[in-house]
Amino acid sequence: MNVKLLESFVWVARLRNFRLAAERLGATQPTISMRIASLESQLGTKLLVRNARDVHLTQQGLEVLRHAETIVSQTNELIKRTRDIEAFQGTLRLGVIDTIIHTWLIGLLEAIQDMYPDAMVEIYADTSLNLTQQLRAGEIDMALIMGPVNDGGLVNVDLCSYSMAWVSSPKLFSDPPEMDVADLASRPIISYPRGSIPYAVIEDYFRGPEFPKVRLNCSNSLATIIRLAIDGLGVAAIPPVLIQREIAEGLLSVLPVRQTFPALAFTATYRTDPENGVVSAVAAIARSSAHQYCSTVDPSLAQCR
């Protein structure tokens, strides 16, 4: 059903006059009459009774008016919000973790530029923990992080997940057989920063009296973690999708550890503010960009969510 039919009916019902409704909608009176007739035909009922002086609603017309006003109002609001989003010329403050920066951020920025050519984007690179705090404080508009974040004031949009693996320089373990996590404890462990999901997983792995005290070193820089692992300064848990070149060149080896390291899940997270129409649209673009990236790599390395 054409919304114009409902809109014409609403204004005739409000003004009780076909001529005034036509003027209000910038149409001719015969056009408004045709729209009302078409609406009545589609609904199979009489909505209006016209006499010499004005127009009256039938009982069915009163019921239809209630629903028509809601539909027309929501449609107009949708059109307004869409136009506002398309005309966005402001600044989008985007917080991003290193793991995403090194994979599909460029694709996302290109998609944002195509959708909002007049928008400016500010990138804030930090850890998931710090970016979540900045998001809550209103310092950034959206965070692409390890998630989800359990907070009633935040929206989480699932993006993708990366598998994880224990890796090290071949200098530390020369073609080892199948290993247990305990076999790694003799070496320093290089981790994502304290408070991160990978750090918590590693702590759980090495918790218990059967393990010696583990030397757990952490960094908030993914590039630093990879560099330290290449230089043989410890064992690291890293998504293999990020180090395909280093593995192919023999700089890093994936260790055959029996205990599976949980995959890392990523979300586009933003506040539930009613004016966040552009941000929610960008979250959808981020999801599309993540899925596009995942379609280009081995499914064992990255999955859409």
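This is a short exchange on how features of this predicted model get their labels.

Trainee: What are the ground rules here?
Mentor: The model is predicted, so local features need pLDDT of at least 70 and side-chain atom pairs count only at pLDDT 80 or more, while totals for chains, interfaces and linings use all residues. Residues are numbered from 1 along each chain as its sequence is written, and side-chain values use heavy atoms, with hydrogens and water left out.

Trainee: Why is serine 168 called buried?
Mentor: Buried means under 20% relative accessible area, exposed over 50%, and partly exposed in between (1.4 Å probe, protein chains only). Serine 168 has 0% relative accessibility, so it counts as buried. It is found in strand E7 (residues 165-168). Strands (E, at least two residues) and helices (H or I, at least four) are DSSP runs, numbered from the N terminus.

Trainee: Which residues does serine 168 contact, leaving aside neighbours within four places in sequence?
Mentor: Contact means heavy atoms within 4.5 Å. Among the partners of serine 168 are Phe173, Ala229, Val235 and Leu255.

Trainee: Is serine 169 buried or exposed?
Mentor: Serine 169 has a relative accessible area of 2%, so it is buried. It lies in the loop between E7 and E8. Its contacts, leaving aside neighbours within four places in sequence, include Ala229, Ile230 and Gly232.

Trainee: What makes valine 254 partly exposed?
Mentor: Its relative accessibility is 42%, and therefore it counts as partly exposed. Valine 254 lies in strand E11 (residues 253-254). It touches Ala165, Trp166, Val167 and Ile247, not counting residues up to four places away in sequence.

Trainee: How do you know that the buried residues of H6 line one face?
Mentor: First, the residues: Leu105, Leu108 and Ile112 are buried in helix H6 (residues 105-115). Seen down the axis, they fall within an arc of 60 degrees, so they line one face of the helix. The arc is that of the directions from the helix axis to the C-beta atoms. An α-helix has 3.6 residues a turn, so residues three or four places apart point the same way.

Trainee: What sits on the face of H6 turned away from its buried side?
Mentor: The exposed residues Ile106, Gln113 and Asp114. The buried residues of H6 are covered by elements including strand E3 (91-96), H5 and helix H11 (277-294).

Trainee: What about H8?
Mentor: In helix H8 (residues 197-205), Pro198, Tyr199, Val201, Ile202 and Tyr205 are buried. They cover an arc of only 160 degrees around the axis, which puts them on the same side of H8. They pack against elements including E5, E7 and strand E12 (264-271).

Trainee: What makes the peptide bond between glycine 147 and proline 148 stand out?
Mentor: It is a cis bond, with omega about 5 degrees. Proline 148 lies in the loop between E5 and strand E6 (154-162). Arginine 16 has a positive phi of about 55 degrees although it is not a glycine. Most residues other than glycine have a negative phi, and most peptide bonds are trans.

Trainee: Where is arginine 16 found?
Mentor: In the loop between helix H1 (3-15) and helix H2 (18-25). Its relative accessible area is 35%, so arginine 16 is partly exposed.
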